[in-house]
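Please open the model in your viewer and keep the selection panel at hand. The stops below say what to select next and what is there.

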2 protein chains.
Amino acid sequence: MGEFDLIARYFKRPARRAALGVGDDCALLQPRPGTQLAISSDMLVVGRHFFAAVDPRTLGHKALAVNLSDLAACGAQPLAFTLALSLPGVDEAWLASFSDGLFALADAHGCELIGGDTTAGPLNICITVFGEVPVVNGQSQALLRSGAKPGDDLYVSGTLGDARLALDALLGKISVAPEVLAQARLRLEQPSPRVALGLALRGIASAALDVSDGLIGDLGHILECSAVGATLAVDEATALIAACSYSTWARGQFVINLSTDQQRTLVLCGGDDYELLFSAPPHLRGAVAAAAQVSQTPVTRIGRIDAEPGLRLVDGQGARLPHTYASFDHFA
Amino acid sequence: MGEFDLIARYFKRPARRAALGVGDDCALLQPRPGTQLAISSDMLVVGRHFFAAVDPRTLGHKALAVNLSDLAACGAQPLAFTLALSLPGVDEAWLASFSDGLFALADAHGCELIGGDTTAGPLNICITVFGEVPVVNGQSQALLRSGAKPGDDLYVSGTLGDARLALDALLGKISVAPEVLAQARLRLEQPSPRVALGLALRGIASAALDVSDGLIGDLGHILECSAVGATLAVDEATALIAACSYSTWARGQFVINLSTDQQRTLVLCGGDDYELLFSAPPHLRGAVAAAAQVSQTPVTRIGRIDAEPGLRLVDGQGARLPHTYASFDHFA
């Protein structure tokens, strides 16, 4: 099967929202009047972002999910995406599963594939995603990293640390009961982009981003872009490791046994969470709760924004913890 | 140097046209009223699209050029691009040259870098490019592959076959004098996207695309999308190999000696030309010539569109040639 048959068989579907989809030199996209396009690119490399033997269906899901997560962090409504794919060869079963996983998530978000590229080479998936953000009275409604203000509450959605827990277990670094690994692995391989929450937080969150490299490092981006500091309640964050509660609940006993420091490391430095981290003024706590409810996404308050620069970690008693945690960096 | 320092040092510049550029979860782009966005992605893989030892400045140029060529083929005005880059490590000299070459071409076309991704992995460059196309009375002015009509003339811009000549010489498959290789190599490593010609052909060309996989195969896309056939004047096309005229002219003698069949193969199957192949009705020959002049881009008539399906190759005497040529396919 040649390159163009491959595209036609696995990736070409009729354009719905786009003016022109797959099959010409360019796709054509016409944003609605009064909107702007939010655009983000993420590249996934074999052996780096995923194991070569990963189920291609979950890989198709994840490749799009990490991009949709960026739209969510901007409060953008997903519209469309391009897919550039480097493949070591044509494996039809692999392609069928990969495209199934990809399109299942795309369809769930009304996000259509409008173009891309296919080439031979080491497995590499690069998706560029497009979303729509309203512009009201000349003002973009996008959620940015730069709007956090001293006194704002700091929130995170969902759970934290489970993807890294799964990765460490798969790498043999820690030992985890099979039923716990199965749950945690879903977070690693099939993250749920928090698109509905991002949309619901427009006009409420003062700053937002998605947690992909680890809570500490990503919070650092908000602090830097907003020129503020923060105090992070580490025990509140650590309580968000789903695997710990699951294991307790599942068998009436702890089936994983992580030290406090291991738990803190998972949550603060773990990465691959794809949860939204955001700030909002305290008088909007009710609005944040309503946004969580309407989007059916749990949200937990884990700290506050300070005028004083820097990040302070405190435990459940409010005592300062040493800050020795670092986020993931591809080149550090 | 970490990932974010790398981006800040080599790839972050202030946004000019975009509402928001590099540094948040998404970039924000607001197309002007009455326009639509043309979008295209191309991925370049080391060892496949370029040699590992290639001058990084020319690689930066080429990675963007092949994408701008897709905008040119649509008649779109370049606006912006995203860059996803997988790097085996941080080589500052390499990055400085790569970004120099990239931005020199970007600036020449007023096309700004608005976002992207950086990761560790085998060298891979994925660019997604955005251009603007006017919509007049609800009708897109984009040049598509699908509008060729029987009786239309068939044209190609510039020269053909030189990039493949350089590749074959660098691979040691043919022997070429150094001064000829130097010229041909420019076509392989630093193609000039025909953006000005694409813009000038709006409203004139009935169909267009850029020649990247070889003349025969790319012409096949126009024929398929337009449901027409064509007759291609092979000798007219073969006369467009710049290296052949250059070598004659440079030393008063042939410094490369290619058989007719070798020349035909270079031109018909060569690939990496990044010239525009387009059709236009015969009554617009004057307009095509004017578009060539205003864009300072040579254009040559090399055939005509037929109602009869299929592609017919003819020589300078109009005699049919056997059609045994195939285009580049990554998986064939």
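**Stop 1: the contact between the chains**

Select chains A and B: their contact takes 57 residues from chain A and 57 residues from chain B, where two residues are in contact if their C-beta atoms, placed from the backbone, lie within 7 Å. This is a predicted model, in which local features need pLDDT of at least 70, side-chain atom pairs count only at pLDDT 80 or more, and totals for chains, interfaces and linings use all residues. Residues are numbered from 1 along each chain as its sequence is written, and chains are lettered from A and ligands numbered from 1 in the order in which they are written.

Now colour the side of chain A that touches chain B. Elements giving two or more residues to this side include α1 (3-10), β2 (35-45) and α2 (56-74) of chain A; helices (H or I, at least four residues) and strands (E, at least two) are DSSP runs, numbered from the N terminus. The largest share, 9 residues, comes from β2(A). By type, the side of chain A divides into 31 nonpolar, 16 polar and 10 charged residues. Here Ala, Val, Leu, Ile, Met, Phe, Trp, Tyr, Cys and Pro count as nonpolar, Asp, Glu, Lys and Arg as charged, and the others, Gly among them, as polar.

**Stop 2: strands across the chains**

Select β1(A) and β2(B), residues 35-45: they run antiparallel and are joined by 3 bridges. Strands pair if DSSP finds at least two bridges between them. Leu29(A) has Leu37(B) as its bridge partner.

**Stop 3: the two copies**

The same surface serves both, as 100% of the contact residues of chain A recur in chain B.

**Stop 4: the domains of chain A**

Select 3-140 for domain 1 and 153-321 for domain 2 of chain A; the bounds come from an automatic or database domain assignment. The C-alpha centres of these domains lie 26 Å apart. Each domain of chain A gives 17 residues to their contact. On the domain 1 side, α2(A) supplies the largest share, 12 residues.
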